[in-house]
Amino acid sequence: MDLQDSAQDITERTAEIVSRNAQLEGPLLPILHDVHHAFGCVPDAAIQPIADGLNLSRAEVHGVVSFYHDFRKSPAGRHTLKLCRAEACQSVGGDRLAEDVMQALGINWHETTPDGRITLEPVYCLGLCSCAPAAMMDDTLHGRLDAASVKDIVAEASR
Amino acid sequence: MSLIKETDYGTPTSRSQETVTLTVDGFDVTVPAGTSVMRASMEAGIQIPKLCATDMVDAFGSCRLCLVEIEGRRGTPASCTTPVEDGMVVRTQTGRLKDLRRGVMELYISDHPLDCLTCAANGDCELQDMAGAVGLRDVRYGYEGAGHVTARQNGEDNPRYMPKDETNPYFTYDPSKCIVCSRCVRACEEVQGTFALTIEGRGFESRVSPGMSESFLASECVSCGACVQACPTATLQEKSVIEIGQPEHSVVTTCAYCGVGCSFKAEMRGDELVRMVPYKDGKANAGHSCVKGRFAYGYASHRDRILNPMIRDSIDQPWREVSWDEALGFAASRLRGIQEAHGKEAIGVITSSRCTNEETFLVQKLARAVFGNNNTDTCARVCHSPTGYGLGQTFGTSAGTQDFESVERADVVVVIGANPTDGHPVFGSRLKKRLRQGARLIVIDPRRIDLVKSPHIAAAHHLALRPGTNVAVVTALAHVIVTEGLHDETFIRERCDWEEFQDYAEFVADPAHSPEAVEALTGVPAAEMRAAARLYAQGGNGAIYYGLGVTEHSQGSTTVIGIANLAMLTGNIGRPGVGVNPLRGQNNVQGSCDMGSFPHELPGYRHVKNADVRAIYEATWGVEISPEPGLRIPNMLDAAVDGTFRGLYVQGEDILQSDPDTKHVSAGLAAMDCVIVHDLFLNETANYAHVFLPGSTFLEKDGTFTNAERRINRVRKVMAPRNGYADWEVTQLLANAMGANWNYTHPREIMAEIAATTPSFANVTYKLLEEMGSVQWPCNDANPEGAPVMHVDGFVRGRGRFIRTDYVATDERAGPRFPLLLTTGRILSQYNVGAQTRRTDNVVWHSEDVLEINPHDAELRGVKDGDWVKLASRSGETSLRARITDRVSPGVVYTTFHHPGTQANVITTDYSDWATNCPEYKVTAVQVSRSNGPTDWQEEYERLSARSRRIEAAE
């Protein structure tokens with residue numbers, strides 16, 4: 001993905017995504033997913049063409065985009081690690097694990113490592129409470145984690 | 001007098017015919033099916049606590065305060081989202097409910113500032129009221145936790161805190177006081193239809209966001225005030241309330257801007273106006289407003305307003321402030337002197353569409369009874385005179401056929417040459433609401449107006465015709481309807497003259513009028529025209545709304561006739577949801593026409609040549625009335641240039657700026673011996689005046705305005721006239737100075753005279769208006785409560801009349817020297833010549849007139865966005881900045897005429913409607929070229945107006 005997408009390029013590619021999905025019932029979310037996939041985020045410049053294409057206001061599209069934390073404003077690193085911070089994981093040392101991971105990566109929540117490799121995000125329940133503490137690396141779930149296993153997962157992802 | 005508190009029923013009324021009976025706290029209440037439990041309870045007089053519900057918008061069910069218990073149901077449903085059922089037993093106050101509500105309020109208050117005493121909404125805050133209603137005594141959660149209230153919390157910057165947004169000139173947005181009830185967002189969507197607001201984020205991070213987290217001014221917000229009205233706290237608050245404090249009494253009156261005629265509560269503290277609040281019982285607006293009526297009243301106390309009479313011997317002298325007696329004596333002796341020297345026809349009046357019916361009646365009476373001639377005309381000459389003529393000829397009345405509410409039953413709406421979202425915004429919102437419910441829209445306009453496409457609205461067909469080809473398009477639509485057999489023969493046979501129909505059908509069926517034949521001329525694809533005609537004829541209730549884009553043409557009257565023909569052809573007349581509706585420009589343009597302002601008509605559209613009509617007034621006024629029609633405005637100016645017309649009394653109209661071909665107007669005015677301007681400000685016409693009589697605002701007088709739906713609305717005095725006299729009193733003083741003996745002590749006496757002499761107003765009295773709120777004429781023994789829809793059982797003139805509509809191209813044509821066509825229009829924030837709105841903060845939205853030009857035409861001329869360009873026509877030239885947009889087609893340019901610095905009417909020509917002389921503002925052949933700044937003419941005019949506005953220092 002090219003980080004230097006020009007506003008005009010975003011507009012054109014978004015308009016193309018909109019027209020491809022416009023006939024769907026409830027097309028806004030599928031369009032946002034496609035836009036997110038194309039640019040790694042939902043850039044501000046994509047809002048107007050979506051609004052124009054669906055005959056919505058910019059405010060309405062903005063309201064939907066900002067409702068979902070997973071629609072990013074700017075692209076994440078190459079991989080995203082989501083650590084669960086909900087009650088079940090907390091009860092078996094989730095907080096401690098999170099601290100260890102942050103220390104190991106040298107970043108805080110929502111941040112990306114300086115080499116652009118990993119972005120760390122909190123998540124509130126992955127539905128994997130029986131295997132707490134849990135995490136998700138990109139699209140893969142991992143359970144019964146400790147600092148060492150997280151390190152392995154990260155190392156694997158970086159290869 | 002006290003503050004009018006309107007009942008908030010919480011949810012909108014249900015239109016169901018079925019009724020349901022339920023019990024609320026032991027009381028039986030019967031309501032229409034579909035009503036919410038909350039509303040039913042309020043109907044029974046029991047107010048259930050609520051925060052997110054208000055009856056202007058649909059129920060939302062987010063605040064969890066309006067919970068009730070319903071026998072046989074589990075839990076505590078929200079009363080706003082629960083519809084009533086027969087036999088339902090509702091309890092609104094139980095131990096469980098009390099605990100729940102108090103708990104909810106504790107949560108709200110734990111994230112809300114406790115600055116009630118210094119808060120602008122103190123005394124008008126629903127959050128405060130609800131805290132009281134639920135008996136909140138303690139907030140167990142404390143205030144130390146995360147919150148949105150303070151900029152710094154626990155010694156650190158609070159990332160959740162957002163500072164106040166004060167960018168809108170009229171209201172502030174203070175996010176720290178927001179309870180995120182979404183009422184503002186829903187009002188913007190459901191009532192106004194702009195969709196400028198949203199809730200961004202979610203959960204505790206939810207915030208109201210204009211646009212995409214922008215300021216209100218930078219967003220799409222049109223400042224209609226619906227969100228401010230809906231806000232239950234001080235989050236959205238009028239700046240005037242912040243500055244002054246809460247009002248203590250209010251008076252219901254009528255807005256003095258456009259022809260929609262919205263009802264407002266003028267909320268006062270003493271004689272200071274605190275705010276204007278739209279009135280829910282107002283039939284024209286049903287509780288909605290626009291930026292002009294809601295906020296732009298500051299001109300009434302602007303420093304430019306002139307409060308003392310002034311005179312001068314000649315227009316190169318400075319003004320001299322004098323007493324009323326001296327000014328009126330000076331005016332009277334000059335007018336009488338002119339009549340002695342040049343005959344009684346040498347003077348005349350121009351009545352105002354901005355003043356009340358009563359005032360207009362007196363001004364035309366001044367001409368007819370005191371001057372002894374029929375030299376009276378009004379600004380309707382330059383806007384809707386073709387409507388009067390066209391609808392009078394075809395239907396028999398010179399007015400729209402419906403009330404505004406009718407649009408809620410329309411299935412296909414045709415908007416021709418009108419821009420309701422800018423020109424008639426409150427009606428525009430009502431129309432958009434109907435379109436969102438599924439009505440189809442056809443727009444016939446050279447420019448892509450907002451209705452063609454804006455959030456949740458899209459026109460089925462936009463016929464972007466070339467300016468000046470209205471008749472060809474309307475006739476082509478009729479061609480399709482007749483040749484494809486889509487006309488309603490039963491209706492035509494029953495209601496219209498069959499012979500005339502056959503003649504008309506033969507005329508339109510001529511292949512020369514087919515869409516294919518006129519495509520090259522009009523620029524509209526034939527297939528679009530055919531599809532539009534089929535939709536209008538077959539889509540259910542078809543309603544036509546039109547504006548000045550129809551009338552202000554050399555064939556304005558013909559187009560009006562063509563529109564009437566379309567409605568008769570398809571049977572779209574005489575019931576709710578259909579009709580032909582002119583959107584009137586000014587607050588009382590309908591009324592000023594009704595009141596006999598035209599030189600050939602006495603009040604009620606009765607020709608002066610009819611001796612029986614003259615006899616009525618001769619008996620009442622004790623004078624002889626001339627049977628000869630007087631001069632129209634353009635004729636007055638022509639006669640002035642010729643030297644035969646030498647004196648003019650102009651009430652509340654700025655003919656120099658608003659009338660076409662400014663140079664001709666100024667030459668006419670300059671040639672007169674006595675020009676009396678009666679106005680709030682030294683307007684452009686006053687540059688050529690000898691007498692200036694200060695006027696009063698709509699806040700300072702009693703009277704009535706008649707809006708575009710023929711609705712007679714009361715205007716009520718809320719403060720004493722700052723200039724000393726209401727306008728009707730000034731006219732009376734002038735008449736008496738000229739020897740009349742008028743003794744009106746209140747406008748109700750003038751209305752009594754109007755009712756006694758005008759059949760369509762026969763039953764109108766101030767008492768009736770007090771009882772009914774408003775009434776739509778005709779109001780007489782046949783229609784004692786007025787007539788929302790006209791021509792119900794037959795046309796007023798008997799049988800509807802079809803008239804042939806031959807297209808004759810205007811003489812104003814684009815050619816090699818002037819290859820572009822200029823058309824003119826309005827913008828939302830400014831009104832007409834801008835005399836009022838330019839003197840308010842509305843200038844933040846539109847501080848100068850700009851020229852819209854298509855990118856293709858701009859590129860050919862090397863014009864970039866924001867460049868100064870010179871706009872030249874055969875009549876003159878001016879310069880202004882260019883805005884490059886594809887709203888206008890190639891070959892067409894567009895501007896507004898709100899600012900005297902631009903004087904767009906220097907460009908417009910003196911071509912006019914064949915029947916009524918309504919000027920052809922909408923088509924002028926022009927050339928556009930780059931320029932460095934204002935033209936010589938603009939600079940010379942600037943100097944002249946500065947010179948002629950000098951006022952001599954008092955001794």
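Colleague: How far apart do the centres of domain 1 and domain 4 of chain B lie?
Modeller: The C-alpha centres of these two domains of chain B are 54 Å apart, where the bounds come from an automatic or database domain assignment. This is a predicted model, in which local features need pLDDT of at least 70 and side-chain atom pairs count only at pLDDT 80 or more, while totals for chains, interfaces and linings use all residues. Residues are numbered from 1 along each chain as its sequence is written, and chains are lettered from A and ligands numbered from 1 in the order in which they are written.

Colleague: Which domains does the assignment give for chain B?
Modeller: Domain 1 of chain B covers 19-133 and domain 4 covers 820-948. Domain 2 is put together from 323-383 and 588-757, and domain 3 from 385-443, 476-509 and 528-582.

Colleague: And which domains for chain A?
Modeller: Chain A is given domain 1 at 7-67 and domain 2 at 79-158, and their C-alpha centres are separated by 30 Å.

Colleague: Back to B, why does its radius of gyration agree with a compact globule?
Modeller: A compact globule of 955 residues would have a radius of gyration near 30 Å, and chain B agrees because its own value is 29 Å; the radius is taken over C-alpha atoms, and the globule rule is 2.2 Å times the number of residues to the power 0.38. The C-alpha trace of chain B spans about 90 × 80 × 65 Å along its principal axes, and 58% of the residues of chain B count as buried, a label that requires 20 or more other C-beta atoms within 10 Å of the residue's own, with 12 or fewer meaning exposed, anything in between partly exposed, and C-beta atoms placed from the backbone.

Colleague: What is the secondary structure of each chain?
Modeller: Chain B has 29 helices and 38 strands, whereas chain A has seven helices and four strands, both taken as DSSP runs numbered from the N terminus (helices: H or I, at least four residues; strands: E, at least two). Along the sequence of chain A the order is α-α-α-α-β-α-α-β-β-β-α.

Colleague: Where in chain A is confidence lowest, and where highest?
Modeller: Helix α7 of chain A (residues 147-158) is lowest with a mean of 85, and helix α4 of chain A (residues 58-67) is highest at 96; these are pLDDT values, the predictor's confidence in each residue from 0 to 100. Over the whole of chain A the mean is 91, with 96% of the residues at 70 or more.

Colleague: How many residues of chain A are in contact with chain B?
Modeller: Twelve residues of chain A are in contact with 17 residues of chain B, contact meaning that two C-beta atoms, placed from the backbone, lie within 7 Å. On the chain A side, α4(A) gives the most, with seven residues. That side divides into four nonpolar, five polar and three charged residues, where Ala, Val, Leu, Ile, Met, Phe, Trp, Tyr, Cys and Pro count as nonpolar, Asp, Glu, Lys and Arg as charged, and the others, Gly among them, as polar.

Colleague: Changing topic, which feature does UniProt place at residues 96-135 of chain B?
Modeller: According to the unreviewed UniProt entry, that stretch of chain B is "domain: 4Fe-4S His(Cys)3-ligated-type"; the positions follow the numbering used here, the feature name is shortened, and such annotations may be inferred rather than shown by experiment. In the model, residues 96-135 of chain B are 57% helix and 0% strand, with the end C-alpha atoms 14 Å apart.

Colleague: What about B:Val180, buried or exposed?
Modeller: B:Val180 counts as buried because it has 23 C-beta neighbours inside 10 Å. B:Val180 also has a positive phi of about 55° although it is not a glycine, and its place is the loop between β7 (171-173) and α4 (183-192) of chain B.
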